[in-house]
Structure formats: C-alpha cells, structure tokens
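This report goes through one protein chain by topic. Please have the sequence and the model in view while reading.

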Amino acid sequence: MSLKEPGRRRRGQELEDALLDAAWDELNEHGYAGFTIDGVAARAGTSRPVVYRRWPTRQELVRAAIGRALLRDRPAVPDTGSLRGDLVALLRYANEHRVRFAAVASVHLAGYYQETGTTLADLRDAFIGPGTAVEVILRRAVERGEADPARLIPRIASLPFDLFRHHLLMTFRPLPDEAIEEIVDQIFLPLVRPA
C-alpha cells in the first residue's frame with residue numbers, strides 16, 4: 001500500500017517520515033532478512049534513488065527507522081506525586097505501546113545486530129541517551145525522600161524495566177497489570193526505600 005497521495009509530491013521532513021514509517025512497516029512484516037530498499041520505496045510510493053539519497057545503505061535506513069520507532073511513542077514523564085505511582089504509570093504506558101517494538105527489536109533484527117555488531121542497548125543509548133523518564137522519576141523520588149540514592153545502583157534502578165522487558169521478550173504479550181504492581185510493590189520499592 002502506498003503512503004503517497006496521487007499527484008502530491010512530498011519533501012523534507014514529511015518525505016523522510018513517510019520513508020521511515022515505510023521502513024518500520026517493512027521490518028515488522030518481513031524482518032531484517034526480508035527487508036529491501038525496493039520494498040520500502042514501494043510502500044512509501046517513491047523510488048529507490050529517493051531512499052538511497054537519504055540512507056546509502058540498508059543498515060543506515062534500518063538504524064534510522066529504529067530510532068524513529070524508539071522516539072515516536074516516547075512517553076511524557078509521569079508525575080503522580082509518588083515513586084510508586086510514577087513507576088506503575090510508566091510501566092503501564094510501556095505495556096500499551098512497546099510490545100510490538102519488543103517483538104521487532106528482538107526477533108526481526110537479529111541479522112541486523114550480527115551485521116553491524118550492535119545491540120538494542122547500543123541503539124537505545126544512541127537515540128534516547130541520558131535523561132530518560134526512569135532517571136527523572138528516580139531523581140524526584142530521591143528529592144522527596146522516597147528512595148535512598150545509595151541503594152539506586154544501576155542494576156537496581158533498571159530492575160523494574162528489566163523484568164518488564166524479560167516478560168515481553170519471553171512472551172511477546174503485555175504484562176498483566178497485577179504483575180506490574182507486584183514488580184513495583186514487592187520487588188523494587190523494598191530495595192530502594194530509605195532504611
């Protein structure tokens with residue numbers, strides 16, 4: 001299906017967005033092994049040279065499509081007034097918006113990771129970088145006295161989302177809401193509360 005309206009020529013950001021959306025759809029449907037520039041161009045209703053002018057290689061186009069997917073549904077940082085409320089809200093958001101991304105990122109991109117020598121963590125760090133929602137939530141929790149900064153070592157700070165990702169990668173299904181609350185209430189909060 002073409003994203004282009006007949007008789008209308010797209011340019012600039014509109015064209016780039018259409019190409020990246022087409023690339024993401026191509027990855028979802030065919031995986032990296034079946035991902036082609038021809039397929040992306042056809043989906044976007046344009047030509048191969050238009051794609052190649054922006055991304056000279058298939059790997060560069062895939063990287064850009066992943067970046068757009070990572071940033072497109074990036075949530076606003078919840079501010080419920082409590083660490084528990086913020087974490088539950090962020091996990092629920094991820095549960096609604098990241099299941100499909102997890103499937104594509106883990107299963108469909110294995111060949112990409114092998115060809116480029118990168119990992120999903122490398123891509124996440126390149127596109128999202130510091131100042132993530134989790135970092136903001138934890139900083140506010142420390143300021144409110146809800147979390148002990150000495151206990152927020154990197155492995156513990158990432159624990160709720162590591163458990164969430166593990167569930168997604170193992171099942172490709174959303175985490176049940178009671179499991180989200182269990183991760184926050186029974187596993188994470190007891191580890192970070194001030195003594």
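Are Tyr32 and Tyr112 buried or exposed? Both Tyr32 and Tyr112 are buried, where buried means under 20% relative accessible area, exposed over 50% and partly exposed in between, with a 1.4 Å probe and protein chains only.

## Basis and confidence

This is a predicted model, in which local features need pLDDT of at least 70 and side-chain atom pairs count only at pLDDT 80 or more, while totals for chains, interfaces and linings use all residues. Residues are numbered from 1 along each chain as its sequence is written, and side-chain values use heavy atoms, with hydrogens and water left out.

The predictor's confidence in each residue is given as pLDDT, from 0 to 100. Its mean over the protein is 89, and 94% of the residues reach 70 or more. Confidence is highest in helix H12, at a mean of 98, and lowest in helix H6 (residues 99-108), at 78. Where pLDDT is low, the predicted coordinates should not be read in detail.

## Overall layout

The protein has 12 helices and zero strands. These elements are DSSP runs numbered from the N terminus (helices: H or I, at least four residues; strands: E, at least two). Along the principal axes, the C-alpha atoms fill a box of roughly 65 × 30 × 30 Å. Of the 195 residues in the protein, 39% are buried.

## Aromatic contacts

Rings of Phe, Tyr and Trp (its six-membered ring) pair if their centres lie within 6.5 Å; planes under 30 degrees apart count as stacked, over 60 as edge-to-face and the rest as tilted. By this rule there are three aromatic pairs. One of them joins Tyr32 and Tyr112 edge-to-face, at 5.6 Å centre to centre with 75° between the planes. The two residues are 80 apart in the chain: Tyr32 is in the loop between helix H1 (12-30) and helix H2 (37-44), and Tyr112 is in helix H7 (residues 110-116).

Tyr112 also pairs edge-to-face with Tyr113, at 6.0 Å centre to centre and 65° between the planes. Tyr113 is buried, as is Tyr112. Arg58 lies over the face of Tyr32, 3.9 Å from the ring centre; the criterion is NZ of Lys or CZ of Arg within 6 Å of the ring centre and within 35 degrees of the ring normal.

## Salt bridges

Side chains of opposite charge can pair when their charged atoms come close. With a salt bridge taken as a side-chain nitrogen of Lys or Arg within 4 Å of a carboxyl oxygen of Asp or Glu, the whole structure holds 18. Asp17 and Arg68 form one, at 3.3 Å from N to O. Asp17 is in helix H1 and Arg68 in helix H4 (residues 58-72), 51 residues apart. Arg68 also bridges to Asp21, at 2.8 Å from N to O. Because Arg68 lies in helix H4 and Asp21 in helix H1, this pair ties together parts 47 residues apart in sequence. Arg68 is partly exposed at 22% relative accessibility, and Asp21 is partly exposed at 23%.

A network of salt bridges links Asp79, Asp86, Arg140, Arg144 and Glu146. Within this group, Arg144 and Glu146 have their closest N and O atoms 2.5 Å apart. Arg144 is partly exposed, with a relative accessible area of 34%, and Glu146 is partly exposed, with 25%.
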